[in-house]
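Student: I would like to learn how to read a structure feature by feature. Could we go through one together?

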Amino acid sequence: MAQNTPTQPALNWTIVGQGAIGALAACHLKQAGYPLSLWLRQPRPLQIHFAGQQWEFSPSDSAIDAVLIPVKSYALLDAVHQLLPHLSAHAQIVLSHNGMGTIDAVLPLLQPGQGLWFLTTTHGALKQGASLQHTGKGQSVLAALNRAAAPYCQAVLQAMNAALGPVTLTEDITPFLWQKLAINAAINPLTALYNCRNGELRQTQFQSTLAAVLQEVCQVASACGVALDEAQLQLKLQQVLSATAENYSSMQQDIAHKRRTEIDAITGYVVRQAARFAIAVPHNSALLEQVLQLQLKLQS
Ligand code: KPL
């Protein structure tokens, strides 16, 4: 059963959407005994088959104390606007998505007592209909983004450890977001354009593009005040490609299902930041252009 220390109020968690990572977090929290509701655009009960069991979730029907929002970056602001009237005055809100550029848009929407957090995760999950698989056991990094989050640190950390642990708590999420951005900027567009699994990018033909994309991201991050270790990132990229070799990236899946991709918050973010500092990022610019074209073609 979930426990909180006497100084930390117990939180009833809500998870937004029915994406794979949200579903994984929801099943893990239920397994750990947390009271939990789901927030769907059309409120309804939901069943998920996971780890040999059927998990039942009901829609949230009271003021929201704590909410994990693992929706796509482009859907985040809409989701937050829908949630705002239902959040309690001290609600704790955890964002989790690929890409960057959303935090500054969410912070001013909150009341002074509402805490904002970001959780970046390397867990992999695949949801096919009502069936959920944990395809890659990863880890997560969590940070509080405003002062109103501080009193709830232990409760939020404990819940996120149950949901998508092991979780490392950090004071500054920015370098972790840039590292994840760099990995996503390398893997996601190429797997979407070549319609391949992550592991196929280990072939020689992709190595120079992957290295160039990472090099450009490091240069832009540095201009933004974040020093990334390029050699370590190149190594990390190869590790991720091996660890997720059999998986399809989220962008490959979005393109395969004719859905909007997160290219704008991933490669688009890199290209926009590069433009601010007049840095040339030809490889990222070309990938951005190609994915946007493909996305447009598939949706027309
Ligand atoms: O985060 C991912 C994604 O697919 O969005 C990676 C790390 C590329 C794993 O597939």
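Student: Where does Asn195 lie?

Tutor: Before we look, please keep in mind that this is a predicted model. Asn195 is found in the loop between H5 and H6, and its phi is near 50°, a positive value in a residue other than glycine.

Student: Is Asn195 buried or exposed?

Tutor: A residue is called exposed when its relative accessible area is over 50% and buried when that area is under 20%, with partly exposed in between. Asn195 has a relative accessible area of 54%, and therefore it is exposed. Lys258 can be read in the same way: it has a positive phi of about 55° although it is not a glycine, it sits in the loop between helix H8 (250-256) and helix H9 (267-276), and at 54% relative accessibility it counts as exposed.

Student: Which residues surround the ligand?

Tutor: To describe such a shell, one asks which residues have a heavy atom within 4 Å of the molecule. Here the ligand is surrounded by Asn98, Lys180, Asn184, Ile187, Asn188, Asn198, Val240, Ser249 and Ser250.

Student: Which side chains have N or O atoms 2.9 Å or 3.0 Å from an oxygen atom of the ligand?

Tutor: A polar contact is a pair of N or O atoms within 3.5 Å. The side chain of Asn198 places an N or O atom 2.9 Å from an oxygen atom of the ligand, that of Asn184 has one at 3.0 Å from a ligand oxygen, and a polar side-chain atom of Asn98 lies 2.9 Å from an oxygen atom of the ligand. The ligand taken alone exposes 280 Å², and the protein buries 83% of that.

Student: Where is the place of Asn198 in the chain, and what does Asn198 contact?

Tutor: Asn198 belongs to the loop between H5 and helix H6 (204-223), and with 6% relative accessibility it counts as buried. Leaving aside neighbours within four places in sequence, Asn198 is in contact with Ile187, Thr191, Leu241, Thr244, Ala245, Asn247, Tyr248 and Ser249.

Student: Which residues of helix H2 are buried?

Tutor: In helix H2 (residues 76-83) they are Leu76, Ala79, Val80 and Leu83. These residues cover an arc of only 100° around the axis, so they lie on the same side of H2. They pack against strand S1 (13-16), strand S2 (36-39), strand S5 (64-69), strand S6 (87-95) and helix H3 (103-106).

Student: What does the side chain of Lys127 reach?

Tutor: Lys127 lies in strand S8 (residues 124-128), and at 23% relative accessibility it counts as partly exposed. Its side chain reaches the backbone oxygen of Gln18 at 3.0 Å. Apart from neighbours within four places in sequence, Lys127 is in contact with Gln18, Gly19, Ala20, Ala23 and Leu132.

Student: Which peptide bond is cis?

Tutor: For a peptide bond, the angle to read is omega. The bond from Gly165 to Pro166 is cis, with omega near -5°, and Pro166 has its place in the loop between helix H4 (153-164) and strand S11 (167-169).

Technical notes: Residues numbered from 1 in each chain as written. Predicted model: local features only at pLDDT ≥ 70, side-chain atom pairs only at ≥ 80, totals over all residues. Heavy atoms only, no water. Polar contact = N/O pair within 3.5 Å; in protein donor to acceptor, adjacent residues only side chain to side chain. Areas by Shrake-Rupley, 256 points an atom, 1.4 Å probe, with all protein chains shown as cover. Buried < 20%, exposed > 50% of the residue type's maximum accessible area, 1.4 Å probe, protein only. Helix = DSSP H or I, 4+ residues; strand = E, 2+ residues; numbered from the N terminus. Arc of directions from axis to C-beta. Contact = heavy atoms within 4.5 Å.
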